[in-house]
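Look at the sequence and the fold before reading on.

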Amino acid sequence: MAEHTYEFNVKMTCSGCSGAITRVLEKAKGNGVNDYSVSLDTQEVIVKGTLPYEDVYAKIQKTGKEIISGKTVA
């Protein structure tokens, strides 16, 4: 399965917000998520892996954080 890179603009107000997203993506590592970065400063989450876009979106949404936008970049 091909690797994709997804970029999400997620509303995060504190380190707890970014930490929640980090925990969810860390659990998915090895299960379709190969790498990720979460930036509280830029409100950006970048995920690389083989999971479909919808699955990554659902994992981030499960944290209760508002996803403002998302796109496939590679």
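Is Cys 14 buried, partly exposed or exposed? Cys 14 has a relative accessible area of 36%, so it is partly exposed (buried means under 20% relative accessible area, exposed over 50%, partly exposed in between, with a 1.4 Å probe and protein chains only).

## Basis of the report

This is a predicted model, in which local features need pLDDT of at least 70, side-chain atom pairs count only at pLDDT 80 or more, and totals for chains, interfaces and linings use all residues. Residues are numbered from 1 along each chain as its sequence is written, and side-chain values use heavy atoms, with hydrogens and water left out.

## Cysteines

A disulfide is a covalent bond between the sulfur atoms of two cysteines. Here a disulfide is counted when a pair of cysteine sulfur atoms lies within 2.5 Å, and the count is zero. For Cys 14, the nearest cysteine sulfur is that of Cys 17, 3.7 Å away. Cys 17 is likewise in no disulfide. Cys 17 is buried, with 8% relative accessibility.

## Strand pairing

Helices (H or I, at least four residues) and strands (E, at least two) are DSSP runs, numbered from the N terminus. Two strands pair if DSSP finds at least two bridges between them.

Strand β1 runs antiparallel to β3, joined by six bridges. It also runs antiparallel to β4, with five bridges. Glu 7 has Ile 46 in β3 as its bridge partner, and Phe 8 has Gly 70 in β4.

## The salt bridge

How many salt bridges does the structure hold? There is one, where a salt bridge is a side-chain nitrogen of Lys or Arg within 4 Å of a carboxyl oxygen of Asp or Glu. The side chains of Glu 7 and Lys 71 form it, at 3.8 Å from N to O. Glu 7 lies in β1 and Lys 71 in β4 (residues 67–72), 64 residues apart. Glu 7 is partly exposed at 23%, and Lys 71 is partly exposed at 46%.

## The nonpolar core

In soluble globular proteins, nonpolar side chains tend to be buried together. A nonpolar core is a set of buried Ala, Val, Leu, Ile, Met, Phe, Trp, Tyr and Cys residues joined through side-chain atoms within 4.5 Å. The largest one has 16 residues, and those touching the most other members include Phe 8, Ile 21 and Val 45. Two or more residues come from each of β1, α1, β2, β3 and α2. The largest share, four residues, is from α1.

Beyond its neighbours within four places in sequence, Val 45 is in contact with residues including Tyr 6, Leu 25 and Ile 60 (contact means heavy atoms within 4.5 Å).
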